[in-house]
Amino acid sequence: MTDIKSSAKKRFLLVHPEISRTKYNFAGVIDNEPLELEYIYALLKSQGYEPDIWDGQVEKISLVQKLKAFMPEYVYVCGRTRQESFIKEYCAAAKKICGSITIAADFMCKRISDVLEITVMLK
């Protein structure tokens, strides 16, 4: 198991996945604030880490652009089953661009963990 505290780098990118890339979604009608990521952000900040949140439902830049600019060592993604393809894409990009340790949590984690080769699983 990875010891997060022993790392020299302390950048965490907390990711709230986008809902859809089609015009058929509820963006702007039903906004879902990533409250759980805000709690994690506050906890990480209080422990001396440098967290940031990328909210795919409202961001103007892509996740790839955010990864290149922030270069996090850790990427935490929290989503739902309907966002599985985005989560796979995000984890692959984080590993390719930054060499990040990826962390995924929520209901679908067990189902996709083998495909993603996620370093840390939270239930």
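User: Which residues touch the most other members in the largest nonpolar core?

Analyst: This is a predicted model, where local features need pLDDT of at least 70, side-chain atom pairs count only at pLDDT 80 or more, and totals for chains, interfaces and linings use all residues. Residues are numbered from 1 along each chain as its sequence is written, and side-chain values use heavy atoms, with hydrogens and water left out. A nonpolar core is a set of buried Ala, Val, Leu, Ile, Met, Phe, Trp, Tyr and Cys residues joined through side-chain atoms within 4.5 Å; buried means under 20% relative accessible area, exposed over 50%, partly exposed in between (1.4 Å probe, protein chains only). The largest core has 15 residues, and those touching the most other members are Leu-13, Val-15, Leu-63, Leu-67, Val-75, Val-77 and Tyr-90.

User: Which element supplies the largest share of this core?

Analyst: Helices (H or I, at least four residues) and strands (E, at least two) are DSSP runs, numbered from the N terminus. At least two core residues come from each of β1, α2 (63-70), β3 and α3. The largest share is 7 residues, from α3.

User: Leaving aside neighbours within four places in sequence, which residues is Leu-63 in contact with?

Analyst: Contact means heavy atoms within 4.5 Å. With those neighbours set aside, the partners of Leu-63 are Leu-13, Val-15, Trp-54 and Tyr-90.

User: What is the angle between the planes of Phe-12 and Tyr-74?

Analyst: Rings of Phe, Tyr and Trp (its six-membered ring) pair if their centres lie within 6.5 Å; planes under 30 degrees apart count as stacked, over 60 as edge-to-face and the rest as tilted. The structure holds 4 aromatic pairs. Phe-12 and Tyr-74 are stacked, at 4.6 Å centre to centre, with an angle of 20°.

User: How many residues apart are Phe-12 and Tyr-74?

Analyst: Phe-12 is buried at 5% relative accessible area, and Tyr-74 is buried at 1%. Phe-12 sits in strand β1 (residues 11-16) and Tyr-74 in strand β3 (residues 74-78). The pair links distant parts of the chain, 62 residues apart.

User: Where does the charged end of Arg-11 sit?

Analyst: A charge sits over a ring if NZ of Lys or CZ of Arg is within 6 Å of the ring centre and within 35 degrees of the ring normal. Lys-10 lies over the face of Tyr-49, 5.8 Å from the ring centre. For Arg-11, the distance is 5.6 Å, and the ring is that of Phe-70.
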